[in-house]
Amino acid sequence: MSEPVTMLETPIKIEYEFTAGLAQSRYLKGISEGKFLGQRCPKCTKVYVPPRGSCPTDGVPTTDEVELGNTGIVTTYCVVNVPFQGQSIEIPYICAQILLDGANIAFMGLIQEVPTAEIRMGMRVEAVWVDKKDLGPTMASVKYFRPSGEPDAAYETFSEYL
Amino acid sequence: MFYFPAMAESDVLRAPHVIEYTYTRSTGPVIGAFLTGLRDGKILGATTPAGRVVVPPTEYDPITSEEVGELVEVGQSGVVRTWSWAAHPLKDQPLDRPFAWALVLLDGADTAMLHVVDAAGPEAMSSGMRVTARWRPAGERIGHMKDIECFVAEGAS
């Protein structure tokens with residue numbers, strides 16, 4: 001008690017209500033039904049997932065809804081070997097950018113059921129969902145992605161998305 | 001603008017989110033001494049070469065950037081310079097009831113210190129009013145700004 005004070009804990013905490021907006025609400029409702037919904041730009045025809053409601057390139061509303069496949073391509077990845085506070089997955093694990101079939105933008109996903117040494121760019125993967133009864137409007141509905149067993153995608157097919 | 005006619009505004013999803021980081025910071029010698037002082041029930045300021053007393057103390061004179069000299073104890077009462085009424089306190093704020101954030105110029109200090117004043121309402125607050133520190137019990141003090149629970153109008157404690 002008589003030791004001088006040398007350290008100070010400074011917690012920073014913010015609690016708020018997140019409003020998903022129309023586009024992401026559609027997306028999350030799709031997730032709760034076990035499907036990935038994207039939106040297409042009427043001008044450049046690119047399909048965004050998760051959709052934000054507008055095209056970042058053309059600045060116009062993305063009016064068409066598109067159901068995407070359950071499979072895609074690992075464009076890039078990172079093997080996480082470093083523990084950090086709040087980590088919920090056992091290390092090492094793979095975090096990858098995944099380009100779903102039919103989408104024009106990759107999103108981040110967890111890869112499992114493959115040794116970390118075997119992950120590679122172009123690997124074909126498929127989404128593994130939680131049991132139907134546990135599906136909900138949350139990304140926790142997608143457990144992870146795993147190799148689909150299909151042949152790797154050629155580099156040219158996804159080089160635009162790196 | 002409405003892009004999905006089948007979807008009403010009420011279909012927009014909402015969810016509570018929490019973001020939290022806890023940093024552990026080293027205090028350095030001057031802030032460390034200030035916090036140690038709080039734990040001991042004292043409020044310390046730093047003396048600048050020009051003879052001003054800076055509270056809370058800084059390692060360097062905020063005006064000339066010169067290193068500060070010895071730490072001195074200042075009074076536990078002072079004057080409210082400015083204040084702002086917090087009508088709806090947030091969770092984890094110093095008091096769980098409406099209070100005032102205030103810059104308090106303690107007796108013997110030349111700079112005002114930000115703290116809170118426990119007052120019945122904004123009508124009980126005024127710039128120039130005298131306030132005095134209300135401390136947490138000695139056994140509960142840990143070397144933290146919250147070791148001073150709040151300030152209260154002088155004579156009201």
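Me: In the hairpin of β6(A) and β7(A), which residue takes a positive phi?
Reply: Keep in mind that this is a predicted model. Strands β6(A) and β7(A) run antiparallel and are joined by five bridges, and in one of these pairings Cys95(A) has Leu110(A) as its partner. Six residues sit between the strands of that hairpin, and the one with a positive phi, near 95°, is Gly102(A).

Me: How many of the eight residues of β6(A) are buried?
Reply: Strand β6(A) takes in residues 93-100. The rest of the structure largely encloses this strand, because the count of buried residues in it is six.

Me: In the open sheet of three strands in chain A, what is the strand order?
Reply: The edge strands, each pairing on one side only, are β3 (47-48) and β4 (64-68) of chain A. Strand β2(A), residues 36-40, is joined to β4(A) by five bridges in an antiparallel arrangement, with Arg40(A) opposite Asp64(A). The order is therefore β3-β2-β4.

Me: What angle does the direction of α1(A) make with that of β2(A)?
Reply: Helix α1(A) packs on this sheet, where it touches β2 and β4 of chain A. Its direction and that of β2(A) make an angle of about 150°.

Me: Is Cys41(A) buried or exposed?
Reply: Cys41(A) is in the loop between β2 and β3 of chain A. Skipping neighbours within four places in sequence, its contacts are Lys46(A), Tyr48(A), Cys55(A), Asp58(A), Val60(A) and Thr62(A). Pro61(A) is 20 residues away along the chain, with 7.0 Å between the two C-alpha atoms. The relative accessible area of Cys41(A) is 0%, and the cut-off is under 20%, so Cys41(A) counts as buried.

Me: And over in chain B, what is the relative accessibility of Thr48(B)?
Reply: Thr48(B) is placed in the loop between β2 (44-47) and β3 (53-54) of chain B. Leaving out residues up to four places away in sequence, it touches Val54(B) and Asp61(B). Thr48(B) counts as buried because its relative accessibility is 3%.

Me: On to pockets. Which element gives the largest share of the lining of the largest pocket?
Reply: This pocket has a volume of about 660 Å³. Its lining has 19 residues, and nearest the centre are Pro11(A), Asp92(B), Gln93(B), Pro94(B) and Lys146(B). Both β1 (7-19) of chain A and β7 (113-117) of chain B supply at least two lining residues. The largest share, seven residues, comes from β1(A).

Me: How many residues in the lining of the largest pocket are charged?
Reply: The lining has nine nonpolar residues and four polar ones. The charged residues number six.

Me: What is the class make-up of the lining of the second largest pocket?
Reply: The second largest pocket has a volume of about 340 Å³. Of its 16 lining residues, Tyr27(A), Leu28(A), Pro50(A), Thr138(A) and Met139(A) are the closest to the centre. In chain A, α1 (21-32), β7 (107-111) and β9 (142-147) each contribute at least two residues to the lining. By class, the lining has twelve nonpolar, three polar and one charged.

Definitions and conventions: Residues numbered from 1 in each chain as written. Chains lettered and ligands numbered in written order. Predicted model: local features only at pLDDT ≥ 70, side-chain atom pairs only at ≥ 80, totals over all residues. Heavy atoms only, no water. 1 Å grid on protein atoms, 1.4 Å probe; cavity = no way out; pocket = protein on both sides within 12 Å on 5 of 7 lines; lining within 4 Å. Points joined across faces, edges and corners; volume = space filled by probe spheres on them. Helix = DSSP H or I, 4+ residues; strand = E, 2+ residues; numbered from the N terminus. Nonpolar A, V, L, I, M, F, W, Y, C, P; charged D, E, K, R; others polar. Buried < 20%, exposed > 50% of the residue type's maximum accessible area, 1.4 Å probe, protein only. Contact = heavy atoms within 4.5 Å. Pairing = 2+ DSSP bridges. Axes fitted to C-alpha atoms, helices over the stretch in contact; angles between N-to-C directions.
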